[in-house]
Amino acid sequence: GYYGGTCVECGVNHTANVTVSCSGRGTCSDGLSGDGSCTCDAGSAGTWCQFVCPFSNTTGSCGGHGTCTATGCACNTGWALNSTSGMCDSCKSGYYGSSCAGICPNCSAVSTCNDGFSGDGTCRCPYGHYGSTCQFACPRDGNGTVCGHGRCDHVGNVGGCTCHANRTHGFWTGTACDTCVSGFKGAMCNISCPTSNGTICAGRGECIGDGVCANCVALPTDFHWVWCGVACQQAGTICYDFQQQCPAGFWGTNCVSRCPGAAADGSNSCSGHGVC
């Protein structure tokens, strides 16, 4: 219990109120050749073994991944303190792998890192985001929906919207899949516009609303001036209908055909030099 040439009491410090050798938790280097230092038992630390930390027969003090201090276990880099056990037995947030040595990349604010013992350090992107740190995003339509009428596809840092192209979900285009493909109309872009010889509205009209050809107008190369039909493909007297009164400048079953030479509002029919 004493050490040195003057046989000083070993492992005590009355000033620090350590009156038992090595606080009763260690072995003092005593005898003439001793230096009075304490070798602490597992789970204890400090000059006089005055600090006590959690201990496991399997992993040792502080879970084997920390240092015992006056305030408890101080965990090594990458390790986190377990608030229940007081040991350093799990990875700190942002670290991963069996030894918690892997450091997560700087994932964007919308994502989280796959950290922890079983993590691989990759950023987990929410739908609509992609890239190594989820730094890229697919465009949204006017309603804020990712890729509107399509899906966000990506491979690595390259991605974008793949638009629906079927009768059920419609035929869409545009960077955010929010525009009907040419030749389709309707709220779901799944109504085909009428065609004649493979040309929408025979090239003489415009497809509007729910896929209806309107405002049929003769082409410069046409022999007839008056055209009608579901695809603006019929001409001549078959186009005349006297069973209803259409606004000036318009004619046809639904009054959607415009007289030759007429302006958009129906005025100036036949260029003002004839009667439609």
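Which residues does UniProt list for "domain: EGF-like"? The unreviewed entry in UniProt lists residues 11-50 and 96-135; UniProt positions are given here in the numbering used for this chain, feature names are shortened, and annotations may be inferred rather than shown by experiment. The model is predicted, so local features need pLDDT of at least 70 and side-chain atom pairs count only at pLDDT 80 or more, while totals for chains, interfaces and linings use all residues. Residues are numbered from 1 along each chain as its sequence is written, and side-chain values use heavy atoms, with hydrogens and water left out.

Residues 11-50 are 0% helix and 20% strand, and their end C-alpha atoms lie 11 Å apart. For residues 96-135 the figures are 0% helix and 22% strand, with the end C-alpha atoms 21 Å apart. Helices (H or I, at least four residues) and strands (E, at least two) are DSSP runs, numbered from the N terminus.

One place to look at strands is the hairpin of β9 and β10, which has two residues between its strands. Strand β9 (residues 66-69) pairs with strand β10 (residues 72-75) in the antiparallel sense over four bridges; two strands pair if DSSP finds at least two bridges between them. The bridge partner of T69 is G72 in β10.

Next come the cysteines. A disulfide is a covalent bond between the sulfur atoms of two cysteines, and here a pair counts if the sulfur atoms are within 2.5 Å. The count by this rule is 19 disulfides. One of them joins C53 to C68, S to S 2.1 Å. C53 lies in the loop between β6 (51-52) and β7 (55-56) and C68 in strand β9, so this pair ties together parts that are 15 residues apart in sequence. Both C53 and C68 are buried, where buried means under 20% relative accessible area, exposed over 50%, and partly exposed in between (1.4 Å probe, protein chains only).

Another disulfide links C180 and C189, with the sulfur atoms 1.8 Å apart. The torsion about its S-S bond is about -80°, so the link of C180 and C189 is left-handed. C180 is partly exposed at 25% relative accessible area, whereas C189 is buried at 0%. C189 sits in the loop between β24 (184-185) and β25 (191-192). Most residues other than glycine have a negative phi. C189 is not a glycine, yet has a positive phi of about 50°.

What keeps C270 from a bond with the closest cysteine sulfur? That sulfur, in C276, is 5.1 Å away, which is too far. C270 is partly exposed, at 23% relative accessibility.
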